[in-house]
Each structure stands twice: as structure tokens, then as C-alpha cells.
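Here are my notes on this model, as numbered points. Please read them with the coordinates open.

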Amino acid sequence: MAEKKKVSRRKFLVRAGLGTIGVIAVGTYVFRNPLRRMTLEMAESMVPPYSGSGTEANLWFEITSENKVVLHSPKVEMGQGTFTSLAQMVADELDVTMAQVEVVGAATATGVVDALSTGGSLSVASLWMPLREMAATMREMLKSEAAKKMGVASSALTTSEGVLSSGDQQMTYAEAAADVTEWEVPDTPPLRPIDEYKFIGKPISRIDLAPKVFGDPIFGMDAEMPDMLHACVIRPEHVGATLRSADTSKAEGMPGVVAVVRMDGAVGIVAESYPQALAAKRKVSVEWDIPKKWTEEEIRSMLVVGQGNEMVTQKAGAALNPDEEGVVSIEFKSPIGAHAQIEPNGAVAHVEGDQITVMLSTQVIGVTQRQVAEAMGVPLENVNIIPTYLGGGFGRRLNTSHAIMAAQMADIVGRPVKYFFTRKEEFQNDTFRPPTHHIMRGKLNSDGLLEGLEHHYASGDVAIGSVIMPEAIHGVLGTDVGAMRGGNLQYDQVPNHRAVQWHTTLPFATSWWRSLGLLANTFAIESFVDEMAINAEKNPVAFRLAQISDEGNGARLKAVIEKAGESYKDEVVDGRAMGFAASIDTGVPAAHVAEVSIEDGEIKVHRVVCVLDCGIAVNPDQVKAQCEGSVIMGMSGAMHERMTIKDGQLFPTIYGPYSMTLMMHAPKEIEVVLIEGDDKPLPVGEPPMGPIGAAIGNAVRRLTGQRLTELPMQLA
Amino acid sequence: MKISFTINGQPQSVDVDDGNTPLLWVVRDTLNLKGTKFGCGKAACGACTLHVDGEAVRSCSYAVKFAEGKSVTTIEGLGTRENPHPVQQAWMEEVVPQCGYCQPGFIMATAALLDKNASPTDDDIDRNIINVCRCATYVRMRKAIHRAAELTQSSNNPANQ
Amino acid sequence: MRHQKSLYAIPILFLATILFATNFNTSDLSEASTTDSSTMTIVSDDENFDKMMAVLMHKRCVNCHPSDNVPKQGEDSHPHYFGMSRGEGNLGYEATNCNTCHQHENDDFSGVPGAPEWSLAPQSMAWEGLTRVEIAQSMLDPARNGGRSHHEVLEHLTEHELVLWAWTPGIDAAGNPREAPPVPVGEYVEAVTAWFEAGAVIPAE
């Protein structure tokens, strides 16, 4: 992590150029007391503070000669709409129009990047305060410069649409910023009241629509460098296999082949064009040492409640005795899941002496930089990571080891090299969502309410082993905090309740998959609670509400459940039934109603109502888009997706056999209702994924009497 | 071998050492039109969909030699910011894209569908639009396809011109 | 399983030489078949029928003669992924059809198979699930075979490029060779021709 330096009040970074003519680049210093802020934010909410190196005078804003403000975003845009929301925040505090704001991903050489990641649905939430403060500070700095140039008092100036005015005198921001070499930095000005904002809270259209609709080359896969070569890499297909030998002689003579190289147990083929590299790859014969061919049964048997490291993550009252009369137990399972993002992982790298440039889609710019620097043996500051738009993230781009391979090959051939995964490599080298096993237990009291409720769950690594989670955290917590997401029980009025995690590391990489443990944990808990409501002959909405207190986020969860409950009917009408489920994740409650029928023996989801309380919705339309995407991706995970391991290899390796929700399966209507139950933005992209699996399963239970206990859900 | 075809209205000749080279890579790397995406290389995801003589084709499984003498249209040739194709217009009105990577393929597939079927039903959409979108923008895409059909019909109606 | 597949590579290579060296010229192909047959011994009609039906019952044929409008794929004859179906003209749907992905030749980059006229056999020619006698009866029945005479059926079976594709089925998406029918193409063509010449008698079973 970058060293923190004291920055004097007047010493300010001014950069010019950066490849754009007429650009005036300005850095701002806002974090007066970052430690205090961090402590406060940790105390106040579940949202970890922004963790960038923003206490240094670095580049956040540029003002162009066309009087546009360019924000160098420390977070990347992977579809979640962050660039648009950040632009809204900038526009409102800096008094410019949306059209006057551009957002680019900051590169490590020229801007501030988040030292951890873009993930956890935290981009907007974590930048809510600092970005607005920085924009407001920037506005005051511009006023101060304009005041000098115009010969008026700074307080006499007003700002609107990128123009500073005093009486009939006017000056654009670009004019005010021109030739400034030393900026005066004021104390952080007060932020405006939320109801005065013109853009925050409004359904502004995405600022990246046109590039995405007209096919602009904005993604990592589209990145190029002059004189660039293309590479393929042969990687092991079996879990744990290592390279024994490779005969590359036939490949070396193939058209366009520049080099065939050995690195880190893999073989790289570098050629003038990608098809040439691919054709040559087929001519390499490789022998592998395969220490063991894992089977699905072996993997499943490693993940069983009662095995691995045990950690009680929640405990109140006494444990249930599974043999006692009235105690109901149901087992649930979920499979290995693939990220299956459409843009393959890849990188373009160039090594010039001890300077390295890498362009890629990454969620962990700072980590990528550190890993490339370490692997290539150069100082951190010699590595410039230029992030592109991501063709999907979903947690897959927390691991960017391919950036190292691209740099190694570029170093060997002395020209820039572009390397990306084939789809098969993408599926077999994923950092998978781990399979899970759950045992739910519960007991009703004489009033038909839960007297005891327990969630015992086994999972592979999610956060453990991840590049963005320091090892020490697990030592302290003793549990996998990623697998734990959604694992604790929200029914705190149940006198005896507990959640127990059993953790095992699998022989292949498992990690972050959008919403982490939430999808499988909520499926188990909310399917079981629904079953207990049926046993109690109670309405499932009322049954849930009766067992949640107003403590903590309980009142907000109840408000969401009540709102979704207005759309719920506990009856089968014309072959259609509704299913209800709710969850709370990172302080964001969500409740879903799924309307389902059985058509030609298949589960058909017609309509979903999704109620979410994510606090302030900076861009309600994009919050809704995230809910829609989350619901369908969760549905895909719950109804279709499954990786298996067979003879030591992970299958399938292509879309189709890796079944996913497509247009034909997606509900035609998703109604999203937002409740703003907090005075700040909270995470959005993952929490609405929680309830969908159980909501569908609970509807199927009412249609068929079948309690579906395994993902992907299949009718008996 | 030399292959000649029209791309986005312009005549073009390319030299390839293998006529079986997928058209996708010629379009992306030789002609530097990056809007047509590589997703799977197996004709499964549809990210590489473009038009050959007006028909939707998955260019990762289309040998460039088959393009000889034909007319190829990519997302870059479908419409422009100044004059968007109705599908692109509808996509913006409905704010469809999230990550955006699969979207050119969906837009090209939809443009081909509307060319054959001016007002597709939901079932027509389900059958013809079978690309993969991991962000799962399907609800908005469906709305945008219906909206594009409306836009196409109103622009084809002489009363509106 | 893998070992078996590699055995089929030999007839595949053999036929590939014949078909591709001659640029799919069917008259050359029949000539090649004739040359082939001159070395063969005379066999009985039943044996000819056995050979013919061993091919026609194979998944390379039946996958595209479905009984439920859904093309089948692969060695396990699973339903075509992504909901592809017959459509109105046996070619899929109006904008997403066979030729969206399948071209005139196999594509080794993608593993997508291809041949001229890639399409499903019409509904009347549904073979999936039928016995070999039922398939033979269907094949000879003008009401179900598209009004073809015996001679025209013979031509379809022995000269149609889409039918002969079965012996050059290419590699799949994972790069593994597809399985060819269990009788070499020359032997098959000879057997079918002989069976028709002998009156196309379907043995009682």
C-alpha cells in the first residue's frame, strides 16, 4: 500500500498534458483526518470506508479547455453504473451539468486508485462523503482563483453550469483554472442539503450509454498498444496438474509465430495475430503430472456440516436437540458456480526496460500493480496499471494473475503482448463460487412461532485466501467472512437461535461470486423458514414479521417485508403461486415475491417484486437496474448453473452446457420498490440477490408440494 | 489468400494465410472494428454477432473465406451517434446496458430480427434472441426490442416523414 | 471412450481425402465409391440392409431427424442448447437459424459442424425413437419421404453432401473428434446401392 505523506496546505500537484491538449489537471486534498473518518464510518455502518491513497495530493479532477470536468475515478465501471452515480455527485457539488462531467478510470500512474477493490457493491456508498467533499472543495478552489483574476471577493462569486459569476462578470472554470500553479486549499466546505441536489436522487441516464450502444473499443479485450503481438497460453486442464514436458517444435515453425515460451508451469505462444497463436497452440504437445483426479463425490464429501473448521457466528439461547420431538431438520445444498462473465480475462502488457504498462479489466487495480511489480522484480511505481471498462466483474476480476503472464511474455519478446483466456480456460480456471451444504433445524412453540432456529453450513473459501483480505483477518475472526454473508439468522426474536460455519479449503480456487455466501445461505434459511410457516399454518409474511425485533436494522427489514407483503397472496390462482423470501446483507434488507407456474414440467418465473432499502438511491434507475440484474443472475444460479468435477477436470467449459437464465427464461416483469430507510447510500448490487432462490422454491412448494432443497432447483 | 468483401458499405480486401480464420478476428484485429466482441469462440454466447448479407451470423464460427463478395455489417456500421439505428435508439431510451460487453451482439441480433419480423411477439423474441447477457439485462432488452419495433414502424410510415 | 473415438479418425481422414481433394464433386465421389467396391465381396441383401441401417440409426443421422422438432447434439443426443427448434422451414427461426452458427463446412476454430444445406429433416421424416424397420419404411414411403422415388432416396442417401457429412463430422467445441457412423462411407454407399438394386426389400423382424 502506498506510503502516506503529509501534504502541506499550499503544496499542490499540478499536472498538464496527460495526452489531452489543453487539460488543466488538479489534485485535491480533502481528508483532513482520515483515521477519524475511518473509525467513525466503521462505527456507524457496515460500509467500510473508501481505502484509496487519497490523502496524497493526487489527481482526482481535470478541467479541460472545453470546460469539462474529468473525474479520474478510483473505482472501475463494470456495469454497476458507478461512473454515472459518481458523475451525479460531482455535478451537484461542483455546479456543472451532467454533460460537463466525464469519468475515466484512474490509472496508477496518474490518479488515485482504490487500494483494495471495486466490489462488495460499495463504490457509491464508500465515495459518498469523500467525493462530494472533494467536488465542493474543488468548487471553492476555483472560486478562489477566479476571485483573484476577476478582482472580486471569493464570497461574491456564484457558480452554475461550469461558470463563475459576479454581477455581470463571468468566467468559465477552465479560465479560472488556467495557469494556476499553486492552489489554495480551503477547509472542507459544508455539503449541500440533499433536497437541493439537481442530479443526486434522480433517474439520470447512464453516461456510458453511447459507447456501449455504438460499439466503442472501451473494454480490456479491445485494448491495443503499437506493434502489439498476440498470445495464447496452454494451462493445465486438471485440477492441481503441473507441466511435465512440452514439445513445442511444431508450433515454432507455424506462420506468424514469434516465440514459444515456458513460464510458471505453462506454455505461452506469441504470434503476430491471435488466430495464428491459436493455430500454433494446437501443435504443441504437452504432458502433465496429475497427482490426483478429483471426483465430484470427493469434493462434496469435503464440504459437509460437521467437517473442517467450526466457528459459531451467531448464538442466542440453547442449542436444539435434533432428536427431540418437534425438531424439524432439512438439508440443503448448492453446487460450484462459475462467474461466466462474457468478457474473458486478459491483459495487454508492455515492458520497456524497468517500466511496465498493463491495460486490463480489473477490480483490483492496486493489487494487480503490486503483483506485477513483485513478479517482474521492479519497484511498484514502475508499473502503470491502466484500467478499462470491465465486460462484467461479479468478483471474477479480483484475481488478475494473467496480467503477470502478459508482462512475462512481453518481457521475453520485447514487444507489447495481448493475452486472454479462451472460454474453456475461463471456465476451468475460474475462482469459483464454492459449493455449500446446510442443515437447518427448527422447532415451533405452542403459538406456532419458532422456539428455536439453527443454520449449520459448510463452505469452501470465499474470503479466505483472497488477495484483498489480509490473512490476519481470518486469524482474528476465525471464520470465512465471505461464506458468512447471509449465513446469520435475521429472526432475532426466536429465543434460541444460532448459526455455525464449517469451513474447508478445496483443491481448486474458490472465491468471491456476486453476493458471496448470500445466495446459498438465504436459499437454505428462507426455504426452511417458509416450511416452518407452512407447518405452523401461518401466512409466511406474518410468520416472518412476528420473529424480527426492531433492534439494529430489524425495523428496516420489517418495513421491507411489509412492503413486499402487500404484493403477496398465499394461494394458487390459475396454476400460479407466489413465493416469499427476505434477507438482509451488508445492512441492506431485501424482500422478494416471485410469481411462478409449472409449464411443460419446468419452473417458469413470470414476475418478481423486489423491495429493497438501500438508503439514498443516488440514481434510482440504476439501483433498479442492479435489482433486475441481481434477481435474474440469482435466479440463474438458483435454477440453472452448476459446475461439476469429473476425472479431475471442471466441466462444462462452454455456455449452453453451463446452463444459464436466458431471455426465454427471464421473468417478463420485475417490479422494484425502493425504500430509503437510511440517510446515506448503502450497497446495492448484491443484496437483492439473496431472496430470489428461496422465493421461487417457496412458490414451487405451494404449487407442487415439493420442497426443493438443492440448487440448481429441479422438479422431482 | 486474398478475400474481398464490403464492410459497413466500404469495399475491403484482406490478406489471410488461412481462409478458415474466423471473420471475427479479421474484423476486430485486421480491420480494427472492436465493436464485435469475442465471448466464447464457440458460437454459444452471441457476442460476436454481425450481419452478412443482412443475416445475423456468429462471426467466431464463420470462416472469412465465406465472406468473399458479401456485404458485412458490424455494430459500427449499424448506426451512428448522429443517426442511430432504431434498435440503438431504443436501447438508449430504455437504458439497457450494464457492463455493455454483450450488447453489440444483442443489438445486431435484434436488428436482424426486426428486419424479418417488424413486430415480434414475446415468443418471437424468446426464440430468436438467445445470446447470453451475464448482467442479465433481459427485462430491459425485451422492452427495448418492442420499443425498437415501434420506432421502426413509425419511421417506415410515410405519414411520419 | 477416447480410444474408440480415435479409431474413427481413420475413416474420417480417408473420407476427408476423398471429399475435400475433389472439392465436394459428387460425380468424383461416386467414382471413388465404385473403385472402392471393386475390391469388395458380394454380400447378401440382409447384410446390406444391416450396414445401411447401422449408419441410419447412428446419432450423426438421427440427431437431425428428430421426432419432437428439437435438433439433437453430441454423442449423447441431448436437445440442442439455447432452445433451438425446427421453426417454419426446418431451418430454425427467422433471424436466428441454422446458418447463424452453422456454415457450409465444419469450423475447427469453434467446433461448430457445418455442411451445405445444414437443416433439420422435415417433420414427416422423424426417425428418432423408431426401430430400424420403421425408419426404412418411413424412408421408402413417398407420403413421408418428400415424394421421393427409390432412385431419389438412393441419391439422397449416397450423394447428398449433408448426409455424407456424417463421415467428416469434425471436432466438437472441446476439440474432440465427433464419432462417425460405424460403417466406412465406401462400404455404406456400396451396401445402400446394392440394397436398392435388389429391390429395397425390408426384411421382416
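1. Of the 716 residues in chain A, 57% count as buried. Keep in mind that this is a predicted model.

2. Next, the make-up of chain A. The chain holds 17 helices and 28 strands. Take the contacts in chain A between residues at least 6 apart in sequence: 78% of them join residues at least 24 apart.

3. One sheet of chain A deserves a look. It is open, has seven strands and shows mixed pairing. The strand order is 11-12-9-19-16-17-18. Strand 11 (257-263) and strand 18 (383-387) of chain A are the edges, each pairing on one side only. From one strand to the next, the twist averages 20 degrees.

4. Within that sheet, check strand 9 (residues 229-234) against strand 12 (residues 266-271) of chain A. The two run antiparallel and are joined by five bridges. One pair to inspect is Ile234(A), whose bridge partner in strand 12 of chain A is Val267(A).

5. Two helices pack on the sheet. Helix 9 (residues 365-376) of chain A touches strand 17 (355-360) and strand 18 of chain A. The direction of helix 9 makes about 145 degrees with that of strand 18 of chain A. Helix 10 (residues 401-413) of chain A touches strands 9, 11, 12, 16 (346-352), 17 and 19 (417-420) of chain A. The direction of helix 10 makes about 40 degrees with that of strand 16 of chain A.

6. Now chain B. How do helix 4 (residues 103-116) and helix 6 (residues 138-156) of chain B pack? Their angle is about 45 degrees, and their axes lie 11 Å apart. That angle is why helix 4 of chain B counts as oblique to helix 6 of chain B. The crossing is right-handed.

7. Helix 4 of chain B brings Phe106(B), Thr110(B) and Leu114(B). Helix 6 of chain B brings Met141(B), Ile145(B), Ala148(B), Ala149(B) and Thr152(B). By class, six are nonpolar, two are polar and none is charged.

8. Last, the interface. Here 47 residues of chain B are in contact with 49 residues of chain A. On the chain B side, helix 1 (23-30), helix 2 (75-78), helix 3 (86-93), helix 4, helix 5 (122-128) and helix 6 each supply at least two residues. Helix 6 of chain B gives the most, with four residues. By class, the side of chain B that touches chain A has 26 nonpolar, nine polar and 12 charged residues.

Note on methods. Residues numbered from 1 in each chain as written. Chains lettered and ligands numbered in written order. Predicted model: local features only at pLDDT ≥ 70, side-chain atom pairs only at ≥ 80, totals over all residues. Pairing = 2+ DSSP bridges. Axes fitted to C-alpha atoms, helices over the stretch in contact; angles between N-to-C directions. Contact = placed C-beta atoms within 7 Å. Buried ≥ 20, exposed ≤ 12 C-beta atoms within 10 Å, placed from the backbone. Parallel < 35°, antiparallel > 145°, perpendicular 65-115°, else oblique. Left-handed = near helix turned anticlockwise from the far one by under 90°. Nonpolar A, V, L, I, M, F, W, Y, C, P; charged D, E, K, R; others polar.
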